[in-house]
Amino acid sequence: MKLKYDYLTKCLLLLFVAMGMSSLAIAQRTIKGTVTDAQSGESLIGANVLVIGTSAGTITDIDGTYEIRVPDGATEIEFTYTGYAAKRVPLTASNVYDVAMDAGTVLDEVVVIGYGSVKKSDATGAVSSVTDKDFNKGIVSSPEQLIQGRAAGVQITNNSGEPGGGINVRIRGTSSVRGGNNPLFVVDGVPLSGGDVSGGGFDSGLGRQTTRNPLSFINPADIASIDILKDASATAIYGSRGANGVVIITTKSGKSGKGVLDYAYTIGFSNITKKVDVLSRDEFLQAYTDFNGAAAAQALDGGGNTDWQDEILRTGITQSHNISFGGNDKSSDYRFSLGYQDQEGIIEHAGQKRLTARFNANKKFLNDRLKIGSQFTVAKVHDDAVPISENVGFEGDLWSNALKANPTQKVRDENGELIQPGATEPNPVAMLEYTKDFTNTLRALGNINAELQIVEGLTFKTVVGFDQSTSSRKSAWSRDLNAGTGGPYGKGFLYVVDVETSNKLWENYFTYTKDFGSLDFTGLLGYSYQQFDYAFKQIKLTNFRTSDLDIMINNFAAADQAGGKGIVGTNSINTVDELQSYFGRLNFGFVDKYLFTATLRADGSTKFGGDNKYGYFPSFAFKWRIAEEDFAPEFFDDLGLRLGYGVTGNQEIPHNLYQQRQRYGNWDINSGGDVTGGGLGDVAFPNPGLKWETTVQSNIGIDFAFANYKVSGSIDLYNKNTNDLLIQVTSAQPAVNPFVWKNLDADVVNQGVELSLNLVAVDKAAFDWNIVGNVAYNKNEVKNFSGLINTGEINGQGLTGAFAQRIAEGQPLFAFFVREFDGYDENGITKYKGGDVQKFVGASPIPKVTAGLTNIFRFGDVDFSFFFNGQFGHYLYDNTANALFTAGSLANGRNVRKDVVGNGEGKLNAPDVSSRFLEKADFVRLQDLTIGYNIKTGLKNISNLRVYVTGQNLFVITGYSGQDPEVNTNKSLNGVPSLGIDYSAFPRARTILLGANVSF
């Protein structure tokens, strides 16, 4: 079934025109005044002035003055300004209103919700807001890193230390088995598709290569705030895409009246945080001698003394330039920005270059009744990757070979030629020099919107948005590289992966606001249509007549096509998915004490069968502002109770899995250079009942403030139950269909508590100290499930088909399922508790506790801040150690970590999947530390100059023996993803950053 634009939208447009024309003659008068700081008396530039119950508004100019036309019948005007308490003034017969504003509290902050915004004190749902002043410091490749550790209940994990690498975001736990677990990202009102926009997944014989982070195109310097919608009462307005939470990114707009030019420059120096402690040359030879004898050790000795990690590592230098120009007046605002960042990875050849341009503007017409706005960004991102994979076998990829390579082996011979011992023991330096892998992505995101005040209190807004990208990845492997049993040696490989995506949006909605005295009402009614186009094409070439990587990349004819062995198109995909939605929201406020919110969204998706084409997602929320009651204790400046309940969905599954479909399989070139593959294969079988994953969530929250608002915060308790889990199920044979996509009859339950706390410890003219902290607890459990699903693929020699995780009743998702290690017997063979069987050992990869703590100090013109974040109560499986660091590896001439020597393991021991390689992964990280100084130049043309130094990832406190405890290699088994497995991940870096910001 194909969803179409329907008559509702046409009716909306007709109503928009008719009502707009009929309301042009509304009587108005002009009022004016000046807005100042109540304490200093200074004028406030850019303060917002809004006529309550209408869309009429303006801002103050450079002198703090304003002028605005007010419709007859209006009763109040409201003044707002960042950092100040909002102020409402009743309208009388006077036409002049001068206002002095007082410093505000955290409750006066505005948070962005779906299709609108509210004051934090009026929010009925669980929402966390992080503004640019609280963002994480240092080198930031994508927006998620800005808020890592900053919001309670939001777990953000970098998969590795690779520039532009993948990031996992989990809001209130992990809920889905097969569907996506990341939240919905909305940028300036445009919901992103959530899928990959660049190529990956190809296997050169040395493991599957990873894709890039699709959000790395956004320049963090352009972001004003990030709001996280956590409970269902807040996310239900996004319906089928709100089950995993919603992250709303708002970019900066022009401020400060006259045009202001800002420039920021940073330079950073990055080095590995911790090298893996492998054996030195002498230690390696001695340990090898103990296993195999002196003669064997002498034969193995290559005469070198090589630290292979040092051979491929470097000091990565990162530079960024950001320039912006923006301002505003009474009827418009604008901001234009350019950004460039060149980030070198700490492994040679790895890095990312990003060039971005953004333009935001808003303009009012028709006596401020019509507002037209636009937000546009264009980004060009160039990623340079190195041959590090997700699932390489015993031959190893770049990083694993740097760890296991013989330290007595020289890098080059006396003629300067690279020494390559063999396909199963590649030279890591050769892997760098004989490969070239880069991705170029061009992405444009934006929207044009128009909002018309039809009559007093009633507005209509239409939004046309788009998100389009074109990406090309080329990965060349020289025929001179002797690596991998099915690798490129003697023939060479070139992979070309092209991806094009297009996301089109059209939304129309009415908003009605009315103050009935003791009752405040706001209603929202709208329609949304979104189309997602995805095109993918992959080509593989081999049998090259040249070793020159640039020629291979730029001249396909260099591949010998005789006999059909030179070039083959391996795959192509072209899909279109559509989402059609109707949504509404009602907000009631009684006597400013009792606040009610109800929402409903109906989503229709082409991803689901005819029996469940539409899904319905309601929510309800209530807030009782107890502090406004006469009986409330005077101790509290603010005290509020929130209750919320809602239903949300998850539709993040592949295209059309409910109809019977077949497609030709991939064509490939095998290790002998022959073209293989093709043939029809099953993709899906009929299941018209396939439907959305559904999450039902309830929330109880308390907001509080006391000590004259110097202490404020919130506590939330939640219960989140996800059912109808989407998964591919293999049929018991014999059966008509070998598999079917279906909704699993099981529940994934997340229960938890969150605490956010803000403390103004000192507030003096010359010194202030603020503390911001959060901590969250989450329990994850699979319930009402009678089946078993294995996942957590483990790779390495002798580990084909091995797995370390199982999804089962009564366990957390992706619970570790391994043999229980019990030391070694007298022959060095592993002993297992309860026998040689895999079992649950009470270990989960999902953290039970996450926390963040920020301290911010200001001494006059000097500022100092530091931020810690941590995760606790979870485990990691060290696949790197399982594959590389065993006595058998050492006995076969491969280097190992020092703790392998003398641990009692014999060289004939089989390193099966066991709790030997399972470790607690608790950590506390000093994420960033910054010292800054605001310089008073005395120069007329420089309004602000700040210099600073930032240390990023300065140290980690952990018991994990791997390179870093914050890691997640993207592995899967039979299409089911895993979590908490560490395998040959790109190492993490420590960075020292110098920067300067100047405003003209």
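Start by selecting Phe 269, Ile 317, Phe 859, Val 862, Ile 931, Tyr 933, Ile 935, Val 947, Val 949, Ile 992 and Leu 994: together they make a nonpolar surface patch of about 820 Å². Patch members have over 30% relative accessible area and no salt bridge, with nonpolar side chains (Val, Leu, Ile, Met, Phe, Trp, Tyr) joined within 5 Å and like charges within 9 Å. A salt bridge here is a side-chain nitrogen of Lys or Arg within 4 Å of a carboxyl oxygen of Asp or Glu, and the areas are Shrake-Rupley values with a 1.4 Å probe, counting only the protein chains shown as cover for residues. Two or more residues of the patch come from each of strand 48 (923–934), strand 49 (944–958) and strand 53 (989–999); strands are DSSP runs of E, at least two residues, numbered from the N terminus.

Before moving on: this is a predicted model, where local features need pLDDT of at least 70 and side-chain atom pairs pLDDT 80 or more, while totals for chains, interfaces and linings use all residues. Numbering runs from 1 along each chain as its sequence is written, and side-chain values use heavy atoms, leaving out hydrogens and water.

Zoom in on Val 947, in strand 49. Val 947 is partly exposed at 33% relative accessibility (buried is under 20%, exposed over 50%, partly exposed in between).

Next, pick Arg 212, in the loop between strand 14 (190–191) and strand 15 (223–229). Arg 212 counts as buried because its relative accessibility is 4%. What does Arg 212 touch? Leaving aside residues up to four places away in sequence, its contacts (heavy atoms within 4.5 Å) include Glu 162, Pro 163, Asp 196, Asp 383 and Thr 439. Show distances too: a polar atom of the Arg 212 side chain lies 2.8 Å from the backbone oxygen of Pro 163.

Pairing takes at least two DSSP bridges. Strand 38 and strand 39 (residues 803–807) share four bridges; find Ile 789 and its bridge partner, Ile 807 in strand 39.

Last stop, backbone angles. Most residues other than glycine have a negative phi. Tyr 115 has a positive phi of about 60 degrees, in the loop between strand 8 (110–113) and strand 9 (116–119), and is buried at 14% relative accessibility. Leu 366 has a positive phi near 50 degrees, and at 46% relative accessible area it is partly exposed.

Key. Buried means under 20% relative accessible area, exposed over 50%, partly exposed in between (1.4 Å probe, protein chains only). A polar contact is a pair of N or O atoms within 3.5 Å; within protein, one must be able to donate a hydrogen and the other to accept it, and residues adjacent in sequence count only if both atoms are side-chain atoms.
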